[in-house]
There are 2 protein chains.
Amino acid sequence: MMRKVAIIGIGETKIGELWESSLRDLGIQAGLEAIRDAGITGEEIDKIYIGNMSAGRLINQELIAPLIADYVGLCETPSVRIEAGGASGGVALAEGYMAVASGMSDIVVVGGAEKMTDVGDEEARNILCSTADREWESVFGATFDSLYAMMARYHMEVHGTTREQMAHVAVKNHYNGARNPNAQFRREIAPEMVLNAPPVSTPLGVFDCAPLSDGAAAVILCPGEMAESYNGKPVRLLGFGMGGDHIAVHDRREMDTMRSTSLAAEKAFCMSGKEPGDMDFAEVHDNYTISEIMAIEDLGFFAKGQGGPATLRGDTALDSKISVNTSGGLKAKGQPVGAVGINQAVEAVSQLRGKAGDRQVKDAEFGLTHNLGGTGGCAVVHIYGRWE
Amino acid sequence: MMRKVAIIGIGETKIGELWESSLRDLGIQAGLEAIRDAGITGEEIDKIYIGNMSAGRLINQELIAPLIADYVGLCETPSVRIEAGGASGGVALAEGYMAVASGMSDIVVVGGAEKMTDVGDEEARNILCSTADREWESVFGATFDSLYAMMARYHMEVHGTTREQMAHVAVKNHYNGARNPNAQFRREIAPEMVLNAPPVSTPLGVFDCAPLSDGAAAVILCPGEMAESYNGKPVRLLGFGMGGDHIAVHDRREMDTMRSTSLAAEKAFCMSGKEPGDMDFAEVHDNYTISEIMAIEDLGFFAKGQGGPATLRGDTALDSKISVNTSGGLKAKGQPVGAVGINQAVEAVSQLRGKAGDRQVKDAEFGLTHNLGGTGGCAVVHIYGRWE
């Protein structure tokens, strides 16, 4: 009954401290690039979804979706803003999928945008903290960094995960990011740099934490049967899954696992008829190095506790067992929070088109994106396949 | 191909300055009441949508949907927060409709919640202003009130609309609100009180403006074919429409009409196979008295320029030509911004169940809700029908 869904266009700004561009500038740039890439006209667009975490606090602007629609020149087109913290982009993509698969819309633009750096790093990190449980975590002084640091400490304690293993997440992602023209950090780093970096919240140091960035990205969806009538080389969007968990870390059953991730993955694999072993690459939500280790376990690529050793062995490097965060991930590509899920989708499409340049996964046929909100209160997983 | 959609449960908090309840308290109360009313169990719920405008700024909390899902006891259930300024609730309802109609979800909860009063009225009005165009309106001193005041002045100039006609919007809505146990203002007022009230932004006085309130509401959707298997008396959700327009008032072609409203209405009537004359009642977005006059024109109930005279004649009073804002509307029932669209849906269901007490529209068979974001940058219209 549901229609198949294709992605026929992608657009992405550079990610970084983009002080000369406003949120709307970034949204316009990514949106128009995706429209051009797909070879569609604005009039063909039936609906617009925008993922954005916190423009209200970051730039004093709400009503984000109509705003960006307006400045892209599509003010009459229905538009919807989704907020799910760091998973805003991924959840927006899931809603866009539903709009197309259901037959309610044909051409749908899904974008993500965030302008983090205008308020300064301390305030930006404070705002990020509003995706933790304000009443039971943040007000008592728990920072976002410290909540993830607790998870890291627990993972180390229970599974013997080491700082060196975590460091290799950052090293690998910087290696990949150095090969991504849109990445914020395009410099390879050595494990010693990560291990000797100033602490943020022990055991996490500066290089264990993704930056907070400005950036936007957009993809164009259409029904599978229409995909070949446009210019942009299509990619299949095979399915998605969403999962939730307690917002507050202290309410979780376990601190070494993201239940929301495994729930989302289970549904996404079920919907797409695929399994972890089918994936050639995965973009996972590495807002901290420990997050990537937990994600590759919870997504089913490695057994619980084996994420660290696998990373150190190089099993997640480019063209290894599973190529993880070929884009550079949040760590090196950057973290424009509400856009991250769409940045991940852009990378998945680039890989499956065979257009990922120096970071291309050989013969990539299937891939996955994993997008996390808060400290794991929600997660969304999408699965993509090559067109032909 | 799409399934029919029914509403089988409603829940609503009292609206007002609820200083003893937090956002999550309000969300829990409305959600549980709707679940009880429908007679479903939490496990049956497939998805949750929450409309909320600005919790980030109002209470320093984002990730609103997983937060409320968690505290309702449904932390693993996929949840999505929608932000569309004042139309957040209505847009959430449209997404929920799509989830059920498409067959992707069976039981869906759509809630709306806003906690406006903790920051004080001046700051709350400033935050509301972030749904205008921050870069081209708000930063130059245009308040939300003054933007609507300009529309009122223009409407008066072009169509001869009078302050007395506008006053009768408030008088009628207070009359209805006095008959609604959940309304913030339950006191009838005389036209002289409106006309002699202190000015907010001329020609709008205090009684021309809706309050900023705390409150939450929720409805339960399910496929039409399942509706009779639950306890809650079902109501049909026949269709919806969304429309957009330029965010900034100065970009509009005309200032006496909301293009987003007429676009949304056109689509909603088309989808539901109904027309304005079929409606027995309408909940319209009367954030200002002039807004109701524009809405009843743009929705097709009265010709452009006739909204004022019709209101003065009593054509929008209870059991007249079309009963408008039987709940009391935003003016008297109150304005918990992101919840408004769901408050309207709750009223529509109450009317079509014949359970609206002293404000019941006789033999109500069809009704409409109209929810506006910003100064008209987006609008969403839903159409409802009696079950039997």
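I take two strands as paired if DSSP finds at least two bridges between them. Helices (H or I, at least four residues) and strands (E, at least two) are DSSP runs, numbered from the N terminus.

I noted that this is a predicted model, where local features need pLDDT of at least 70, side-chain atom pairs count only at pLDDT 80 or more, and totals for chains, interfaces and linings use all residues. Residues are numbered from 1 along each chain as its sequence is written, and chains are lettered from A and ligands numbered from 1 in the order in which they are written.

Entry one, the strands. I found strand 3 of chain A paired with strand 3 (residues 79-83) of chain B, antiparallel, over 3 bridges. A:E83 is placed opposite B:R81 in strand 3 of chain B.

Entry two, the contact of the chains. I counted residues as in contact if their C-beta atoms, placed from the backbone, lie within 7 Å. Chain A puts in 50 residues and chain B 50 residues. On the side of chain A that touches chain B, helix 3 of chain A gives the most, with 6 residues.

I looked up helix 6 (residues 144-159) and helix 10 (residues 289-298) of chain A; their axes (lines fitted to C-alpha atoms over the stretch in contact, with angles from 0 to 180 degrees between N-to-C directions) come within 9 Å and cross at roughly 55°. Helix 6 of chain A is therefore oblique to helix 10 of chain A; angles under 35 degrees count as roughly parallel, over 145 as roughly antiparallel, 65 to 115 as roughly perpendicular and the rest as oblique. I noted A:Y148, A:M151, A:A152 and A:H155 in helix 6 of chain A meeting A:I290, A:S291, A:I293 and A:M294 in helix 10 of chain A.

Note on methods. Contact = placed C-beta atoms within 7 Å.
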